[in-house]
Amino acid sequence: MIILTMYIAIFAGAYFIVSFFQRGKESKGFNALKTVTFGDESAVTPNRAAAFISVITIFLIWGAFTDSKLVPLHVTGPFVGDTSFTYTAKNAAGDTADGNVSIRVHKIGDKPDKPEVEATDSFVQNDSILVGAWRSKLINVKRNDEGYKEDGYQIVAIDGKPIKAGESVEVEDGKVALTEKKSLNFTPTKGLQLEPIWMPAPEAVVSRFIEIARDGYQNFGLWEHLGWSLIRVIVGFLLGALVGIPLGYAMGLSGWFRGWFDPIVEFMRPVPPLALIPLVIIWFGIWETGKIVLLFLASLWIMTIAARAGVSGINIAKVHAAYSLGASKRQLMWHVMVPNSLPEIFTGARVAMGVCWGTVVAAELVAAQKGAGMMIIAASKFQLTDIVLMGIIMIGIIGYGIDILMRKTERWLVPWKGKH
Amino acid sequence: MSDLTIENLSMRFDLPDGTHVQALQDINLEIKTGEIMSVLGPSGCGKTTLLNIVAGFLAPTEGRVILNNEEVHGPASDRGMVFQQGALFEWMSVSENIAFGPRMKNIQAARSKEIVDHLLETVGLHDFGEKAVYELSGGMQQRVALARCLANEPEVILMDEPLGALDALTREKMQGLVLKLWKETGKTIILITHSVEEALLLGERLLVMAPRPGRIHKEYQLPFAENGVDQDLREVKKSDGFGETREEILSMIWEMEEEIMGRTEAGA
């Protein structure tokens, strides 16, 4: 909630600040002369400042809530240091006395000494404990008190505030609760920052990336993990395209093929590939064959439909023209139908590659020895959140990279797309 | 070279609801080699159907088309076709588009290049051979379509509103080009158009068709195409008889349109 509020505040604040500074130097060019811009999609260009601030904001918030060294501002962290509270106990005789509990809250992983305590002359003795930040600790304060085994002994107040079993009292730097067994449970103030096992700092993710890129993870290098995922995608996609494109052509050219395969394709198209994982595992096992079959099925229908659309979308004038120019059926196929369907096939290929990439990660989550998905699911079992985050970022970058690569290839191979 | 004969041609489309449309009824035509004939008529009079039958894209329900003493079955390279638009191959350059016909016939590359270069010159596109067709304007694209058709040396050129999508100025220039090509190549040309003026300018023979059933309503023999070969087309339009014929045909087509409207309203 706090994070969302902050994010919205930065979004709105940045808008007002940027538009204040950009006022007067409005963008030049044709768009500046348009009076109707609200509703004219072509007049909407992404604001560069907004894109820049957007990315910075994510890292700022991430850093601010994770005590990052890279970010100057932080939200309050968990309490670390020495603190204390007093408790008041009553013995069987009805006398009361105070005892002091010295607490040293340390960072997780540090091993400081317990604070020293002085002896008292009453029946209540002072105590000392160590607590890790974000943790809490039971303190058996009565253990060293005189006569605590007698029936009348009880703890009646913390820092002068009365307390009963099951209740808790706010003290300086934390909270003290009295358990049913007359122990005290101290929880130091947590602050707003997130513990690294929930959300590691950006630099922790980066150093984890460097470490795994160098040493590997679970017997395989980082590039092996990512490379294997990529190879599965490429092999699965190529097989799907190899079968799907000719099938799509056949469906676009022959009534028998269309009638035969239409029900199959139309039925399989809306089935998400993830739903096929159990069946594919039963039939083909959890190793490479199963994954390739799954990716083949994921891309097959997309490529079939793309090729079919490419064939049926042809302007009949082109077909007539080719025949009038003396083309045979074979020549028509090769010189007209195939090139004409390329734009559709490329659109399909981009979609299929995206779906395959998502499917391979999911399939690796289920079972794999190597792969991007296996890496993050293995890390999550050990609460290695930094590896999980790093894996997700790598998966995102590769997915984005695949799409950019496909677009570049498309522009190079099908320059006429969208132009007539 | 031989004449194109259309004998007792009828075309009937059966509709799914059991009725039928008589798109063409008993068309008889004799088109001499080297003749340029324009076809006019209100929409639905079957002129495009007639052209598609001659091209071989449709088989008639009755009658036949004879070219070179042989009956026409299916499309072939002896009958070239120029479409209104969208028939060029975007994945090929201008030159490759023009060379498509020769390439399909496995004509040698050197010979094919000669043909292409000559035609680029003829249609006024000699600097545009390597351009992609989608980079050209509509008028230039139609020049490519004409050149592509001519590269195949067809005996008959069929034009289905080839200039219909062009702006008025470009259209006028292209009309001049069509006349020039007709005279230079001596091809038989059948041209379908919606513009009465264009039909007058480009047809030494002009056919007005009537709808329901599609039939030949009236035929003209006109001097304007011959005159237009070496005269400014705007001068031709001012010449004797042009205006009168135009008005006559226009009112003829208007009457037909009104009759269709009346019939539709009566039926409704």
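Let's start with a pair of helices: α11 (residues 372-381) of chain A packs against α12(A) at an angle of about 160°, and their axes are 8 Å apart. Because of that angle, α11(A) is roughly antiparallel to α12(A) (angles under 35 degrees count as roughly parallel, over 145 as roughly antiparallel, 65 to 115 as roughly perpendicular and the rest as oblique). An axis here is a line fitted to C-alpha atoms, for helices over the stretch in contact, and angles run from 0 to 180 degrees between N-to-C directions. Helices (H or I, at least four residues) and strands (E, at least two) are DSSP runs, numbered from the N terminus.

A word on the model: it is predicted, so local features need pLDDT of at least 70 and side-chain atom pairs count only at pLDDT 80 or more, while totals for chains, interfaces and linings use all residues. Residues are numbered from 1 along each chain as its sequence is written, and chains are lettered from A and ligands numbered from 1 in the order in which they are written.

Back to the first pair. α11(A) and α12(A) cross in a left-handed way (the near helix is turned anticlockwise from the far one by less than a right angle; clockwise would be right-handed). On the α11(A) side, the contact uses Ala372(A), Met375(A), Ile376(A), Ala379(A) and Ser380(A). Its partners on α12(A) include Ile387(A), Val388(A) and Gly391(A). Two residues are in contact if their C-beta atoms, placed from the backbone, lie within 7 Å.

α12(A) (residues 385-413) also meets α10(A) (residues 329-366): their axes come within 10 Å and cross at roughly 170°. That makes α10(A) roughly antiparallel to α12(A), and this crossing is right-handed. Among the α10(A) residues in the contact are Leu342(A), Phe346(A) and Trp357(A), while α12(A) brings residues including Ile402(A), Asp403(A) and Met406(A).

| α11(A) with α12(A) | nine residues | two residues | no residues |

Where do the chains meet? 17 residues of chain A are in contact with 21 residues of chain B. α9 and α10 of chain A each supply at least two residues of that side of chain A, and α9(A) gives the most, with six.

In α9(A) (residues 316-324), Ala321(A), Ala322(A), Tyr323(A) and Ser324(A) are buried (20 or more other C-beta atoms within 10 Å of a residue's own, all placed from the backbone; 12 or fewer is exposed, in between is partly exposed). Their cover includes α10 of chain A together with α1 and β6 (79-82) of chain B. Just after α9(A), Gly326(A) has a positive phi of about 95°.

Now hop over to chain B, which has ten helices and ten strands. Its helix α1(B) (residues 47-55) has eight of nine residues buried, so it is largely enclosed by the rest of the structure. Just after α1(B), Gly56(B) takes a positive phi of about 95°. Across chain B, 42% of the 268 residues are buried.

Methods: Nonpolar A, V, L, I, M, F, W, Y, C, P; charged D, E, K, R; others polar.
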